[in-house]
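Welcome! Below you will find a sequence and its 3D structure, followed by a short tour. Have a look around first, then read on.

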Amino acid sequence: MGYLTIKFLHLVMAALSISGFAVRGYWMMTRSEYLSNRIVRIAPHVIDTVFLVSGIWLAVTLSINTFAQPWLLAKILGLVAYIVLGTIALKRGPTMPVRVVAFVGALLAFAYIVGAALLKSPASWLSALAA
């Protein structure tokens, strides 16, 4: 697969990942029974795995050294924050207020990741304000 195909796959998976997370967050806040649906529990893992593999594939295709690119390392750290906060929001949060705060935090972490990727800066969206 060529670079553009891999990048397109990565971007589609990013859109599916955040869209699915937003919907599941809404269902969490409304205490919807949809969250217990088998496909709702399995699909995010498939999507996020393809998302991560395509990102690694892009880095390998471009011969990018993760540790030599501060913006890429920032994306990885943002991803860890997104995963931890998302898990608290959808599964591990002990109360609804904790889950809602974690949900908003996960959305902000995802926005940070997008900004770091688009602007190739660990400052993410703040780097656009400084310019």
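Helices (H or I, at least four residues) and strands (E, at least two) are DSSP runs, numbered from the N terminus.

Before going further, a word on the model: it is predicted, local features need pLDDT of at least 70, side-chain atom pairs count only at pLDDT 80 or more, and totals for chains, interfaces and linings use all residues. Residues are numbered from 1 along each chain as its sequence is written, and side-chain values use heavy atoms, with hydrogens and water left out.

Which residues of H4 are buried? They are Arg99, Ala102, Phe103, Gly105, Ala106, Ala109, Phe110, Ile113, Gly115 and Ala116. A helix has an expected span of 1.5 Å times one less than its number of residues. For the 24 residues of H4 that gives 34 Å, and the end C-alpha atoms are 34 Å apart, so the two agree. Just after H4 comes Lys120, with a positive phi of about 50°. The charged end of Lys120 also sits over the ring of Trp71, 4.7 Å from its centre; this label needs NZ of Lys or CZ of Arg within 6 Å of the ring centre and within 35 degrees of the ring normal.

The buried residues of H1 are Ile6, His10, Met13, Ala14, Ser17, Phe21, Arg24, Gly25, Trp27 and Met28, and they pack against H2, H3 and H4. After H1 comes Arg31, whose phi is positive, near 55°.

## The nonpolar core

A nonpolar core is a set of buried Ala, Val, Leu, Ile, Met, Phe, Trp, Tyr and Cys residues joined through side-chain atoms within 4.5 Å. The largest one here has 14 residues, and those with the most contacts inside it are Phe21, Phe51, Tyr82, Ala89, Phe103 and Phe110. Helix H1 (3–29), H3 and helix H4 (96–119) are the elements that give two or more residues to this core. Which element gives the most? That is H4, with 6 residues.

## Rings that meet

Rings of Phe, Tyr and Trp (its six-membered ring) pair if their centres lie within 6.5 Å; planes under 30 degrees apart count as stacked, over 60 as edge-to-face and the rest as tilted. The structure holds 4 aromatic pairs. In one of them, the rings of Phe21 and Tyr82 have centres 5.5 Å apart and planes at 70°, so this pair is edge-to-face. Phe21 in helix H1 and Tyr82 in helix H3 are 61 residues apart, so to speak linking distant parts of the chain. The rings of Phe21 and Phe103 have centres 5.1 Å apart and planes at 35°, so this pair is tilted. Here too the pair links distant parts of the chain, with Phe21 in helix H1 and Phe103 in helix H4, 82 residues apart.

Phe21, Tyr82, Phe103 and Phe110 form one aromatic cluster.

Ser54 lies in helix H2 (residues 38–61) and is buried, with a relative accessible area of 1%. A polar contact is a pair of N or O atoms within 3.5 Å; within protein, one must be able to donate a hydrogen and the other to accept it, and residues adjacent in sequence count only if both atoms are side-chain atoms. The side chain of Ser54 reaches the backbone oxygen of Phe51 at 2.8 Å, and a polar contact of 2.9 Å joins the side chains of Ser54 and His10.

His10 is found in helix H1 and is buried, with a relative accessible area of 13%. Leaving aside neighbours within four places in sequence, His10 is in contact with Phe51, Ser54, Gly55, Leu58 and Lys75.

## A partly exposed leucine

Leu73 has its place in helix H3 (residues 70–92). With a relative accessible area of 30%, Leu73 is partly exposed. Apart from neighbours within four places in sequence, Leu73 is in contact with Thr66 and Phe67.

How values were computed
Buried means under 20% relative accessible area, exposed over 50%, partly exposed in between (1.4 Å probe, protein chains only). Contact means heavy atoms within 4.5 Å.
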